[in-house]
There are 2 protein chains.
Amino acid sequence: MGAHDRISAGGGHVPALRRAVAILDYISASSEAPTLSGLARALGLPKSTAHGLVQAMEELGLLARAADGTLRTGPHSLRWAGDFLARTDLVSAFRQSIAESWRSAQFTVTMTVLDGNEVVYIACSEANRPLDVAFRIGMRLPAPFTATGKALLAARPDRDLDALFARGFPAPLTRYSVASMPDLRRELAETRQRGFSIDDGQIREGLFCLGATVGDHAGQAVAALALSLTRSEASPDMVAMLGRSLMDAAADLSRRLGAG
Amino acid sequence: MGAHDRISAGGGHVPALRRAVAILDYISASSEAPTLSGLARALGLPKSTAHGLVQAMEELGLLARAADGTLRTGPHSLRWAGDFLARTDLVSAFRQSIAESWRSAQFTVTMTVLDGNEVVYIACSEANRPLDVAFRIGMRLPAPFTATGKALLAARPDRDLDALFARGFPAPLTRYSVASMPDLRRELAETRQRGFSIDDGQIREGLFCLGATVGDHAGQAVAALALSLTRSEASPDMVAMLGRSLMDAAADLSRRLGAG
DNA sequence: CCCGTTCGTTCAGTATATTGAACGATAGAT
DNA sequence: ATCTATCGTTCAATATACTGAACGAACGGG
């Protein structure tokens with residue numbers, strides 16, 4: 001019985017693994033810890049299948065069960081994520097090439113990855129001069145408000161958007177924060193046309209950021225670079241110049257990733 | 001040469017998932033990025049099985065392939081790890097139980113995870129009195145100099161060490177910082193015998209820290225606690241007493257993780 | 001108290017994923 | 001140039017994991 005409208009339509013084989021990933025993604029994305037039955041219902045899985053999977057994932061440390069039976073993410077993935085951050089060429093290449101050149105130019109450069117509808121900071125190179133917001137590794141911000149988030153969202157097919165924000169749009173951080181899906185779509189369209197993204201005071205008033213994506217060998221956007229400056233510095237000429245430089249830097253990083 | 005060369009056949013079901021986890025663990029633990037065949041050989045998997053799994057894991061973002069075909073961990077697990085850090089009982093349990101009791105005792109307590117050969121601070125409870133170093137979440141320090149880093153390194157098999165420092169030993173932060181692999185191995189041996197680790201001025205002169213690991217249900221060390229005081233307070237009796245208390249606190253946290 | 005609902009769990013049959021063997025390609029050595 | 005040893009990949013047959021249905025338990029309202 002080929003029910004094609006299950007979890008991943010574009011799928012292939014190894015359904016057990018794909019379902020385990022879907023389970024972890026669902027738990028990570030949902031705000032409330034689900035129960036076994038609720039999980040099966042939400043993902044369209046037979047109860048018995050979910051039961052077997054959850055049991056195995058629990059043994060493996062991928063899932064943890066609270067006393068009341070609700071499911072949470074387990075600690076096992078910390079090992080892989082730590083390895084990714086440490087060993088992948090992303091952060092080291094960032095440090096070696098990009099950070100140095102921009103730091104000498106007195107700009108703060110950050111790098112993030114997309115995690116659901118939030119960005120996670122995985123590398124930062126702060127300028128010598130003080131900026132009134134401190135980026136820290138591991139920090140999270142809503143993707144629609146950040147330059148890196150917009151760059152990463154713009155690189156994804158438009159139809160993914162609704163799923164990412166099915167549970168509501170994030171609350172605005174400033175009066176300039178994009179507040180609705182239509183506004184976001186318009187900004188993403190502008191980003192695609194321009195080649196880089198702009199955040200003008202949407203996470204902090206007076207803070208102006210430019211963003212561009214870094215792709216892997218397959219062209220998939222895996223991270224994004226951002227350049228932070230104060231709004232008073234952001235003249236049109238300056239923005240255009242810095243935007244081009246940022247796109248060059250991102251393309252350079254992409255090449256390093258592709259070359260291995 | 002991972003922790004478990006064989007995938008326990010007598011274990012349970014869902015072999016695809018168990019093997020995927022074994023693959024990610026192997027890649028995370030090994031120093032060099034393996035190839036598909038090498039991976040299959042090391043884990044005792046049929047080549048075709050490994051091929052199908054790796055292909056699916058690549059599509060899912062769990063694995064990434066470099067241009068030369070070698071395999072690395074992918075960015076997908078970042079989502080789960082981030083969720084774990086944000087939502088799981090680790091940080092909240094830390095805040096609820098440990099931090100309060102020690103804070104009333106005027107001590108600074110911190111928690112870190114290992115990330116390559118660095119530790120990343122994931123929780124901090126600073127004492128009311130000023131200490132001359134500020135720990136911030138997301139901050140990184142070289143593992144060999146910190147109490148938590150030594151505790152986490154001591155929990156790993158000794159043969160993993162060379163791989164972690166293949167690219168060189170970190171530059172010393174003070175004149176007391178451990179400066180070579182033999183010195184580090186000696187300190188780790190002392191740590192294993194003592195049950196907790198000690199940093200005596202290796203990240204900052206005059207700062208004295210004790211460390212102990214927190215393990216998950218499988219006994220794997222996933223994080224470490226540290227207690228910070230000034231060197232003048234660190235009398236032998238005081239160190240012994242605080243060390244025992246810290247080990248108790250770490251064991252209590254481990255139980256909370258295991259129990260869910 | 002009894003009933004309806006939801007929970008987690010078990011089990012045998014079948015649809016399905018795993019696998020051993022063989023393929024073409026590449027690289028280094030003879 | 002030939003040979004050998006890897007590499008990654010494909011495919012049909014079988015051993016296996018998934019699933020639909022049924023179970024006991026727990027909860028809450030009528």
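## Polar contacts with the DNA

A polar contact is a pair of N or O atoms within 3.5 Å; within protein, one must be able to donate a hydrogen and the other to accept it, and residues adjacent in sequence count only if both atoms are side-chain atoms. In Ser37(B), a polar side-chain atom lies 2.6 Å from a phosphate oxygen of DNA strand D. For Arg41(B), the distance from a polar side-chain atom to a phosphate oxygen of DNA strand D is 3.0 Å, and for an N or O atom in the side chain of Arg19(A) it is 2.9 Å.

## About the model

This is a predicted model: local features need pLDDT of at least 70, side-chain atom pairs count only at pLDDT 80 or more, and totals for chains, interfaces and linings use all residues. Residues are numbered from 1 along each chain as its sequence is written, chains are lettered from A and ligands numbered from 1 in the order in which they are written, and side-chain values use heavy atoms, with hydrogens and water left out.

Of the atoms of DNA strand D within 4 Å of the protein, 71% belong to sugar and phosphate.

## Two helices in chain A

Now to helix H6 (residues 147-154) and helix H8 (residues 181-194) of chain A, whose axes come within 9 Å and cross at roughly 80°. H6(A) and H8(A) are therefore roughly perpendicular to each other (65 to 115 degrees).

Technical notes: Axes fitted to C-alpha atoms, helices over the stretch in contact; angles between N-to-C directions. Helix = DSSP H or I, 4+ residues; strand = E, 2+ residues; numbered from the N terminus. Parallel < 35°, antiparallel > 145°, perpendicular 65-115°, else oblique. Near = heavy atom within 4 Å.
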